[in-house]
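Here's a quick walk through one protein chain, going from the overall numbers to a few individual residues. Have the viewer open as you read.

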Amino acid sequence: MRTFLDCIPCFYRQALEASRLAGLTETTQKQLILELSQNIEMFLSDTAPPEVARMVYDIINKHANTQDIYQKVKKQCNEFALTLYPELKKRIKEADNSLLLAAELAIAGNIIDYGAKNSLDIDDEVNNILNESSELFQIANKKIFDFVAFQNKTHQAKSILYLADNAGEVVFDKLLIETIKQVNNKVDIYYAVKAKPIINDALIEDAMQCGIDQFAAVLSSGSSLSGTILPYCTQEFLDLFYKADMVISKGQGNFEGLHDAARDIFFLFIAKCPIIANMVQGKIGNMLLFYKPTK
């Protein structure tokens, strides 16, 4: 997916929010915005949004003199999500269809996104999820929420590659992965995280903190982009990507990088921008379990 003109204001907003989180002065924030503007040609090229985001956050990290401005935030998100885990696990166990609820919660966990959403809303949204009052839970049409295909594939798969998105969200992924293992105890699951910090995307240490290694083999994709773009990934990851019986991709960034990949993929995320919503013929805020068959 190329970067659209409508993406440009979003990148500037992310840059300002991240620079303020990093405690940069207003003078430094102005310098940062000026430097982004000097790279405007990259915004206007056919470069994918995750590649542009890498450039944006490299500039932010340079001015903040750090490699990971979200390190503390990510740890807090993991800790917060882990406090929810026992109650969510109980609800899944008691559900009429445990796999469906686990999938819905995994998608709802995608609200923990400091790139696409204002972080101040996250605690309220998660509380809404727990109270089952969130507008995220809605009856969606098969085109954007193909649970039947997802359920059939999880029951049949011998190997699943699960692409992580954000820290904190990892706990919601853990719930889905362990539920899949309960309905198919012969499946091998591989959980792929980013190689280096980018926004609040999950790294190996986040997966370990959340205990996902109890149910899946954790590996790095080799990429440090906010979405999975295959040329940036390791050969080990690529072998898994093409050989796995099933690929589950979390998050909007991974959709941006993989929606035209040459294999079938289940994309689980919340539509957070009009461009993506239009691409799947949905609306902003839709919970998406979007199945892309092999081309």
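What follows is a short tour of this chain, part by part.

## The big picture

First things first: this is a predicted model. The chain runs to 295 residues, and 57% of them count as buried. It holds 13 helices and six strands.

If you take the contacts with a separation of 6 or more, 70% of them come from residues 24 or more positions apart.

Which residues of helix α11 are buried? In this helix, which spans residues 235–243, they are Phe 237, Leu 238, Leu 240 and Phe 241. These four sit on the same side of α11, because they cover an arc of only 165 degrees around the axis.

The face turned away from that buried side carries the exposed residues Gln 235, Glu 236 and Lys 243. What covers the buried residues of α11 includes the strands β1 (159–163), β2 (188–193), β3, β4 (246–250) and β5 (265–270), along with helix α12 (252–258).

## Ala 216, tucked away in a loop

Ala 216 lies in the loop between α10 (204–209) and β3 (217–220). Is Ala 216 buried or exposed? Its relative accessible area is 7%, so it counts as buried, given that the cut-off is under 20%.

Who does Ala 216 touch? Leaving aside the neighbours within four places in sequence, Ala 216 is in contact with Ile 177, Ile 189 and Tyr 191. Tyr 191 is 25 residues away along the chain, yet the C-alpha atoms of Ala 216 and Tyr 191 are separated by 6.0 Å.

## Cysteines without a bridge

How many disulfides does the count give? It comes to zero disulfides. Take Cys 77, which is in no disulfide: the nearest cysteine sulfur belongs to Cys 210 and is 9.7 Å away.

Cys 77 is buried, at a relative accessible area of 8%. Cys 233 counts as buried too, with 10% relative accessibility.

## A nonpolar patch on the surface

Over on the surface, Leu 5, Ile 40 and Leu 44 form a nonpolar patch, and together they have about 290 Å² of accessible area.

Leu 44 counts as exposed because its relative accessibility is 53%, and the cut-off is over 50%.

## Two loop residues with positive phi

Now for some backbone geometry. Asn 65 is not a glycine, but has a positive phi of about 55 degrees. You'll find Asn 65 in the loop between α4 and α5 (71–94), and at 71% relative accessibility Asn 65 counts as exposed.

Gln 281 is another residue other than glycine with a positive phi, in this case near 60 degrees. Where does Gln 281 lie? In the loop between α13 (274–279) and β6 (287–292). Gln 281 is exposed, with a relative accessible area of 59%.

Definitions and conventions:
Residues numbered from 1 in each chain as written. Predicted model: local features only at pLDDT ≥ 70, side-chain atom pairs only at ≥ 80, totals over all residues. Heavy atoms only, no water. Buried < 20%, exposed > 50% of the residue type's maximum accessible area, 1.4 Å probe, protein only. Contact = heavy atoms within 4.5 Å. Patch = residues over 30% accessible without salt bridge, like charges linked within 9 Å, V, L, I, M, F, W, Y side chains within 5 Å. Areas by Shrake-Rupley, 256 points an atom, 1.4 Å probe, with all protein chains shown as cover. Salt bridge = Lys/Arg side-chain N within 4 Å of Asp/Glu carboxyl O. Disulfide = S-S within 2.5 Å. Arc of directions from axis to C-beta.
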